[in-house]
Amino acid sequence: GIGTLTYIDPKSNIYGALGHEIIESNSNSIIEVKSGSIFRNSITSIDKSKVGYAGSKNAKFYYNTKYGKILKNTNAGIYGVYDAKLPDKELVEVAQKNEVKVGKAYIQTVIDGDVIENFSINITRVDETAKIKNISFTIDDNLLLSKTGGVVQGMSGSPIIQNGKIIGAVTHVIVDNPTTGYGIFITTMLEEGEK
C-alpha cells in the first residue's frame with residue numbers, strides 16, 4: 001500500500017514510516033513482518049475524503065526501485081533499514097514533546113507525482129500522555145483541501161513541522177470530519193526505530 005516515509009537517521013540509516021501499524025483487513029490484527037520492502041512510487045490521482053469516507057492516494061509503484069527493507073511493524077509505525085543513497089535533503093532538528101505547541105505548523109506530503117510540498121495546518125491540541133494520538137490538527141490549507149478534501153489514506157507518515165523542527169507524523173483521519181486528524185510525536189517514532 002501507499003504510505004509516507006517520515007524520517008531517515010543519516011547515522012544509522014534506520015527509517016520510520018506511517019506512524020501506525022499495518023493491519024490485516026479481514027482479522028483487523030497487526031501483520032507480523034517476516035520480510036518486506038519500501039519502493040519508489042508516484043502519485044497518479046487522489047480519491048477525495050468526505051464526511052464518513054476516508055479518501056486515498058493512488059500511485060504507480062516502481063518495484064525495481066527499492067529504497068529499503070521493512071524489519072518491523074508496530075503500533076507506532078513501520079521501521080527498517082534504508083539501503084538506497086540518502087536523499088539530498090537538509091537535516092531537520094527534532095523537537096522534544098514539550099516543544100510541541102497549539103498553533104500553526106505544516107505537513108510535508110506528496111499529492112502529485114513525487115513532489116514533496118508543504119501544506120499549512122493548525123494544531124488544536126497536544127496530548128503528551130497518549131500512546132500515538134499525541135497531536136490533534138485541522139488542515140487549513142485551501143490547495144490541499146481542494147485536492148484531497150482533508151486527510152487521506154497514504155498521508156500517514158507525512159512529517160509535521162513546527163518552528164523549523166520535526167515534531168511528529170500524520171497518523172489518522174477523523175472520518176466524521178476529514179479536515180481534521182491526529183499525529184504521533186516524532187520522539188516516539190525515533191525511540192521505536194532504535195529498539
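# A walk from a loop into the sheets

Let's start at Asn163, which is exposed because its relative accessible area is 71%. The cut-offs run like this: under 20% relative accessible area is buried, over 50% is exposed, and anything in between is partly exposed, using a 1.4 Å probe and protein chains only. Before we go on, note that this is a predicted model, where local features need pLDDT of at least 70 and side-chain atom pairs count only at pLDDT 80 or more, while totals for chains, interfaces and linings use all residues. Residues are numbered from 1 along each chain as its sequence is written, and side-chain values use heavy atoms, with hydrogens and water left out.

Asn163 sits in the loop between β12 (159-162) and β13. The strand and helix names come from DSSP runs (H or I of at least four residues for helices, E of at least two for strands), numbered from the N terminus. Asn163 isn't a glycine, yet its phi is positive, at about 50°. Leu18 is another non-glycine residue with a positive phi, near 70°. Leu18 lies in the loop between β2 and β3 (23-24), but it counts as buried because its relative accessibility is 9%.

Now for the sheet. Five strands make an open sheet with antiparallel pairing, in the order β1-β2-β7-β6-β5. Strands count as paired if DSSP finds at least two bridges between them. At the edges you'll find β1 (5-8) and β5, each pairing on one side only. From one strand to the next, the twist averages 45°. Inside the sheet, β6 and β7 run antiparallel and are joined by six bridges, with Lys69 standing opposite Val81 in β7. Helix α2 (residues 186-194) packs on this sheet, touching β1, β2 (14-17), β6 and β7, and its direction makes about 65° with that of β1. Here axes are lines fitted to C-alpha atoms (for helices, over the stretch in contact), and angles run from 0 to 180 degrees between N-to-C directions.

Asn41 counts as buried because its relative accessibility is 19%. Setting aside residues up to four places away in sequence, Asn41 touches Ile2, Ala59, Lys60, Phe61, Tyr62 and Asp114; contact here means heavy atoms within 4.5 Å.

Next, the aromatics. The structure has three aromatic pairs. In one of them, the rings of Phe61 and Tyr63 have centres 5.7 Å apart and planes at 20°, so they are stacked. Rings of Phe, Tyr and Trp (its six-membered ring) pair if their centres lie within 6.5 Å; planes under 30 degrees apart count as stacked, over 60 as edge-to-face, and the rest as tilted. Phe61 is partly exposed at 26%, while Tyr63 is exposed at 52%. Tyr67 and Tyr82 are stacked too, because their ring centres are 5.8 Å apart and their planes are at 20°. That pair links distant parts of the chain, with Tyr67 in β6 (residues 56-74) and Tyr82 in β7 (residues 77-82), 15 residues apart. Tyr82 is buried at 4%, whereas Tyr67 is partly exposed at 26%.

Lys72 has its charged end over the ring of Tyr79, 5.8 Å from the centre. Such a charge sits over a ring if NZ of Lys or CZ of Arg is within 6 Å of the ring centre and within 35 degrees of the ring normal.

Moving on, β9 (residues 103-110) and β10 (residues 116-126) pair antiparallel over eight bridges, and Ala105 has Ile121 of β10 as its bridge partner. Five residues lie between the strands of this hairpin, where Gly113 takes a positive phi near 65°. β10 also pairs antiparallel with β11 (residues 135-139), over five bridges; there, Ile123 is partnered by Phe137 in β11.
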